[in-house]
Each structure stands twice: as C-alpha cells, then as structure tokens.
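Please look through the sequence and the model below before reading on. The paragraphs that follow move from the chain as a whole to its core, and then to the ligand.

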Amino acid sequence: MYKDLNPPSNRVVIIGCGSAGLKVVQLIHEVHTPSIITIGIDTDFNLSNYLKTDHYFPVSKSVVRGLLDRNEGDCTGISRVFRNLHMYQMQPDDLVILTAGLGKFTGTSLMIALTRIIKEITYHPVIGIVTVPYPHNKELILCAKKGMNHLVPALDSLIVLEMEQLKNLFQNPGTGTLYDKCSRFIAAEIEFLTTSFDNLTGKDFFSVMGMKGVGVLFYGQSAGPDRAERLAQACLRTPLCEIDYRAAPGCLVLIEGGPGLTRDDARNVVRDLTFELPGHTHIAWGYRIMKNLNENIHAQAIMTGIKPGWFRGSPNCIASVKNLQTG
Ligand SMILES: Nc1nc2c(ncn2[C@@H]2O[C@H](COP(=O)(O)OP(=O)(O)OP(=O)(O)O)[C@@H](O)[C@H]2O)c(=O)[nH]1
Ligand SMILES: [Mg+2]
C-alpha cells in the first residue's frame, strides 16, 4: 500500500464477480497479503464451504436476472442483497478493485450492480479490471458491450483486457490454458497495482486512476545490458486492448527489476513509454527492486481516462472493437 496512505485503515478490497472473477480473487487470497480483503460473489450457493476467499457472497440467479436490460439505477433487488456489504465493514477509504470476465450474464451484471453500491460507500476512485471475449462470439460481445456501456461511466477506471490480445501475449495457448493464464495475469496485475513503489504516492496513484474512462494496459519485460532501452519498446508492442491511447490524460508506469535497476533507468523507461502522450498528461511512476529478478526488468503502463469512442481497428480485433464502441 502506498506510503502516504495509512494501512490498515486504508485497505484494498478485491471483489471477484461471477466465475472468472472468483478465480482471480482465489489466486490473490493464496498470497495472504494482510491489507487485502478478498470477496467473491456468484450465484452458486454450494461454494461457501470450500471457496478460498475472505468472504463469499452467494446471490440467487433471480436477483441478478434481467439486470443488464433494466434502466440505469434500477437495481433495487440487488441493493437489498448487497446491503450486507456493510457487514464486511467496508470503509469509505478502502481502495476497491472489481474484476469479472465480461460477456456472460452473472459477472457482468453483478459488477454493474456492485459498482453503483460501492461508489456510494467509498470516496477513492473505484477501479475495474475486465476481460472482453473473442470478437467472433457475437452473443458474448453484445453482453460485454452492454457491460461496458454501464461500467465506463460508473467506474473511475475500467482496465479492459481483450482476450485476443492476451492470447497473443501468452503466444496462443488453447482456451483452457488461456483462461488459467488470464486469471493468473489479472491476479498478478492487482498485486502489482496495490503494493508500494519508490517515487509513487497514493495521491498520484488515485489522481491517475480517477481520470474516468477506459484504461489500456501495456506490459513488457526484458533482460541483458540494454534492457532499459528495450523495455519501453516491448511494452508499446503489447497493448492489451486496441484503443487509441495517444490523448490519454493519465498514465501510470510501474517498473520492477533486480538490484541493478536504478532510478535513472526507471526514469528513462517512463520517458520512452510516454513520448507520444500530450504534455498535459498526468504521468505517475514508481519502481521497486526485487532481488529475485536478477538481470530481469518488467514494466507495465496503464494509460487512463480514454474515451471508449477511441477504440481503433487492427487486423485481429477490428470486430470486437467496432462492436464495443459505446458511443
Ligand atoms: N480470466 C478468466 N476468464 C474467463 C474464465 N472463464 C471464462 N472467462 C471469460 O469470462 C467471460 C465470462 O465467463 P464466466 O465468468 O464463466 O461467466 P459468469 O459471469 O460466471 O456468467 P454465467 O455464465 O451466468 O455463470 C467469458 O466470456 C470468458 O471470456 C476463466 O477461468 N478465467
Ligand atoms: Mg458462472
């Protein structure tokens, strides 16, 4: 947790919605970070006994049914159920991150309903991390689009990971393995986002993540003598959502490397990663030394505050991008 914030009163609450979201929170729970609370929410009442999260919250299918097609704000039934969230002592200064796989009914609907309720409880930016299904599956894409339509205005940052792009990152594994790798990637991403980095304050973090809009994540790693120079290029080659980020008003860059990583290296990576952004973009960055990384260096950049209309076409995701425009 960032050093100018105040654990344990500033806690991180991670909420996984639906089956895909549950997998992510279980992975985070395995790490047992004391300032992180994990909550899973799904429609299976039998999971309570063996699910590995701090709290599991079963909701009946009838409560979530139809939610996606109702008018915004009309989620009375679900609000009644989620009033129980206060039982988990959610605090106004908790940092809340919600995650789901968009495209099917449960995770998408629950994430929308929860976002509205959590926005009333906390005053910090509320962050969502979602996957978007393959472009060829029209039914799933339509549901994901509805989800985006609700979530982009409701959340402070919605980090969108396209399955198509994740598949490229993991070099085309089969679907079963891909889902597993995605869950692990998102869990590691959340861990990365919520630990403390030199040079990064909580104030900077929240102002960049509170820019309102889509967040696009770039991820890269490199090793060897000119690793810092190559790292920014590696990241820029790997956007996990095809969207035009060049006017993004916010950018968060997090870098980790072995003991040889210097502050100047980190600053150079940030410079090379952000050269296309306008001068007024708020750029926040941090770095940390991890002894076990030896010669390796990793970076991620999240360009934030992007308007959904900036989704752009590319040969492999033009269908999803066109379908996802929320206008
Ligand atoms: N990261 C990850 N994503 C998954 C996994 N399984 C499915 N997905 C993606 O998430 C989307 C939603 O799938 P689920 O989470 O299984 O569905 P749900 O929200 O529980 O909805 P229901 O079908 O009503 O139970 C799918 O369209 C996939 O793109 C998984 O194991 N890990
Ligand atoms: Mg499910």
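Two residues are in contact if their C-beta atoms, placed from the backbone, lie within 7 Å. With that cut-off in hand, we can turn to this structure, which is a predicted model. Among the contacts in the protein chain between residues at least 6 apart in sequence, 77% join residues that are at least 24 apart. The chain contains 11 helices and 10 strands, and of its 327 residues, 47% are buried.

In soluble globular proteins, nonpolar side chains tend to be buried together. In this model the largest nonpolar core has 94 residues, and the members that touch the most other members are V216, L252, V253 and A301. This core takes at least three residues from each of two domains, namely domain 1 (12–196) and domain 2 (217–310). To see how one of these residues is placed, consider V216: if its neighbours within four places in sequence are left aside, V216 is in contact with V160, P239, L240, C241, I243, Y245, M303 and I306.

The last part of the tour concerns the ligand. Around ligand 1 there are 17 residues, of which G18, G101, G103, K104 and G107 come nearest. The elements that give two or more residues to this shell are α1 (18–31), α4 (105–121) and α7 (175–193), and α1 gives the most, with 4 residues.

Technical notes:
Residues numbered from 1 in each chain as written. Chains lettered and ligands numbered in written order. Predicted model: local features only at pLDDT ≥ 70, side-chain atom pairs only at ≥ 80, totals over all residues. Near = placed C-beta within 6 Å. Buried ≥ 20, exposed ≤ 12 C-beta atoms within 10 Å, placed from the backbone. Core = buried A, V, L, I, M, F, W, Y, C linked by C-beta atoms within 7 Å. Domains from an automatic or database assignment.
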